[in-house]
Amino acid sequence: MNKNAGISTLKGIGEKTEKLFLKLGVATVDDLLHYYPRTYEIFGPPVPVSEVQEGHICTVSGAVFGRIQVSGTKNMQVTTLYLKDLTGTLKVIWFRMPFLRNTLGRSGPVILRGRVVRKRDGLVMEHPQIYDPAARYNEKLHSMQPVYGLTAGLTNNAIIKAVRQALESNSIPEDFLPEELETAYNFPPYEAALYEMHFPHSKETFIEARRRFVFEEFLTFVLSLRYVKESGERMKNHFTMKQQPAIDTFLQSLPYELTAAQMRVWNEIQKEMTGDYVMSRLVQGDVGSGKTIVAFLGLLLSGLNGYQGALMAPTEVLARQHYEKISGMLEHYGLPLKAELLTGSMTAKQKREAYVRIESGSSSIIIGTHALIQEKVNYRNLALVITDEQHRFGVRQREQLAGKGLTPHILVMSATPIPRTLGIILYGDLDISVINELPMNRLPIKNCVVDTGYRPKAYAFIRQQTELGRQCYVICPMVEESENLDAENVTDYSQMLQEILGPSIRVGYLHGKMKEKEKDEIMTAFGRNEIQVLVSTTVVEVGIDVPNATVIMIENAERFGLAQLHQLRGRVGRGKYQSYCIFMTASRSKETKERLEILNHSNDGFYIANEDLRLRGPGDLFGIRQSGVLDFKIADVFQDAALLQEANAAAERLLLEDPDLSQEQHRKLKDHLQKKLKDLMLETTL
Ligand SMILES: Nc1ncnc2c1ncn2[C@@H]1O[C@H](COP(=O)(O)OP(=O)(O)OP(=O)(O)O)[C@@H](O)[C@H]1O
């Protein structure tokens, strides 16, 4: 099979399904083979009926006891059976599946797998999957089943089928990893490793396979970085900029004083932008350390010198937030510059008008989402681009490949608390400035780790804070199965909370399935305190700044990575009020407690990231979501730190021996890298 064969070459994938796969970013068979599961459902062996636990998904095996009943209304028929094993009897129900009475009534022993809940009459297994114990190799009872990221209309089973077909085609495309590295690191062979990623035989074999692909991902990353760095050797600064007294006046009239760290970083930026070489700088600062004002000063400097500056935000909500703050400041302080907002939800006419103002140079600060800013805009004289760490490659591409204008200064903003040793590898192409201090007016956030029995108290506390005029966030966990369920979960939760808190407190909600415009409206209302309690999935994670919010309650805190929890917590404690973070967890495991205790005792992102690294063993391979730092597909810079260092060392050795990868044994690697670089640089995400 050709490496780049479209997935429609697989049996059973017609035009319609092909489009659905495209939505997931899967166009070719090779893409499909590397569309790794999001997680795995781990099937344990059947447990005795007497040992099933409330809230758990269990597998039980036994005989059908007595008659199978069908009751309920025509639209909601409930089928009930009792399953008996040597230890006891378990009630099992299915909804809207009356035909089971016939099929199961005739069968012998059955294996069922489903969630056990507590009902009035005791523990009940709800709507379980049914397995035939007679099947010799019961694939479904295989111990780790892949769970893929889905899109509406495409089921997990459909993806499993397609992947299986691709794997069994007997002509898997070749891999790019040089044999010398495969041997040196003792990685499993490519084809076997691919199989393990999708259908692991055991946790151990899976871990080995994953090691290979994490290494590959890091190796590609590190080598691309080298390339970018080399091709972007210190470029001359063609913009003539001077320091601007208006900026000093502005700083003096701000309601707060910049921290020493903000001042230091601003001076570094100012010096570089007015100096001899083009700036490529990363500003790293913990959540709430005040990066935005530093970015704004950069935009002021380019604007007041007669150039344009663009600020690219990862989401529309953030773009609008920045736009409103910046245009508010320009107006309030009488600064003679105009800001422009560019987002996908603007009408075609609004966008056209904005483009005209940008092209004519009448707007000098352009704020928007990445794709919009990158794709369609003709700048008059762009001198500064500010972006986030995920998109730092795309920026260079626009100016370099398209050859439009001169290479602008680049400022990359990051709140990821990467330990220094890793930072040097990951940001090798950038100079780093660190804002290592929080504004003076901050009181440390008070944390608590509690179990779900504490909920009523937490709600009472939320009520109390809103009565004091403050606002609160409640983070619902994501539902594993699909984004649709996430949405449902968030709306249900907010309804429930609205009922508990009563009509004097307005509860709003936010989730990934909402239209950008709706999200904007909710965030604007929350920003104005028209909504007091915001129930949300993790979409609030990056950059949202509502200093009046003082409580964040995180449900199922055990499901998140520490770095992500720290980001979430950073949504509060951004102003002068005492703030609180409530980590709610139903888990009683010792590891969970230990991990959450770290957050309980520290508000320092760098310390937390280091501890996260220390506590995560190689066994922690799934189940905890990291925040997708730097957008790796499966690698996790925290968890896989050791492999990142190894990949870095391997890259160094490789380049020493064969600097332009021209040797035959590196040909595939070079091809892969060239393709990857093109993707990285041409990438426009929205
Ligand atoms: N020196 C300062 N003194 C007091 N308040 C400040 C100072 N600098 C910034 N702030 C305020 O602190 C809040 C957080 O700042 P900002 O939004 O820039 O944080 P950030 O570093 O971007 O954090 P995150 O990574 O969470 O987005 C803002 O409301 C901002 O107005």
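This is a predicted model: local features need pLDDT of at least 70, side-chain atom pairs count only at pLDDT 80 or more; totals for chains, interfaces and linings use all residues.
## Four domains

The protein chain splits into domain 1 (1–41 + 143–173), domain 2 (44–141), domain 3 (245–277 + 289–414) and domain 4 (446–602); these bounds come from an automatic or database domain assignment. Between the centres of domain 1 and domain 4, taken over C-alpha atoms, there are 35 Å.

Numbering starts from 1 along each chain as its sequence is written.

## Around the ligand

The ligand has 20 residues around it, and the closest are Tyr256, Gly290, Thr292, Ala415 and Pro439. A residue is near a molecule if its C-beta atom, placed from the backbone, lies within 6 Å of it. Domain 3 and domain 4 both give residues to this shell, so the ligand lies between them.

Helix H10 (residues 291–304) gives the most to the shell, with three residues. Helices here are DSSP runs (H or I, at least four residues), numbered from the N terminus. By class, the shell has seven nonpolar, ten polar and three charged residues. Ala, Val, Leu, Ile, Met, Phe, Trp, Tyr, Cys and Pro count as nonpolar, Asp, Glu, Lys and Arg as charged, and the others, Gly among them, as polar.

## H10 and its partner H9

The axes of H10 and helix H9 (residues 260–273) come within 10 Å and cross at roughly 25°. Axes are lines fitted to C-alpha atoms, for helices over the stretch in contact, with angles running from 0 to 180 degrees between N-to-C directions. H9 and H10 are therefore roughly parallel, a label for angles under 35 degrees.

On the H9 side, Gln262, Val265, Trp266, Ile269, Gln270 and Met273 meet Ile293, Val294, Leu297, Gly298 and Leu301 of H10; contact puts C-beta atoms, placed from the backbone, within 7 Å. That contact holds eight nonpolar, three polar and no charged residues.

## H11 and H18

Helix H11 (residues 316–332) and helix H18 (residues 516–527) have axes that come within 9 Å and cross at roughly 45°. That makes H11 oblique to H18, the class left over once over 145 (roughly antiparallel) and 65 to 115 (roughly perpendicular) are also set aside.

Here Glu316, Val317, Arg320 and Gln321 of H11 meet Glu516, Lys519, Asp520 and Met523 of H18. The contact divides into two nonpolar, one polar and five charged residues.

Technical notes
Helices (H or I, at least four residues) and strands (E, at least two) are DSSP runs, numbered from the N terminus. Two residues are in contact if their C-beta atoms, placed from the backbone, lie within 7 Å.
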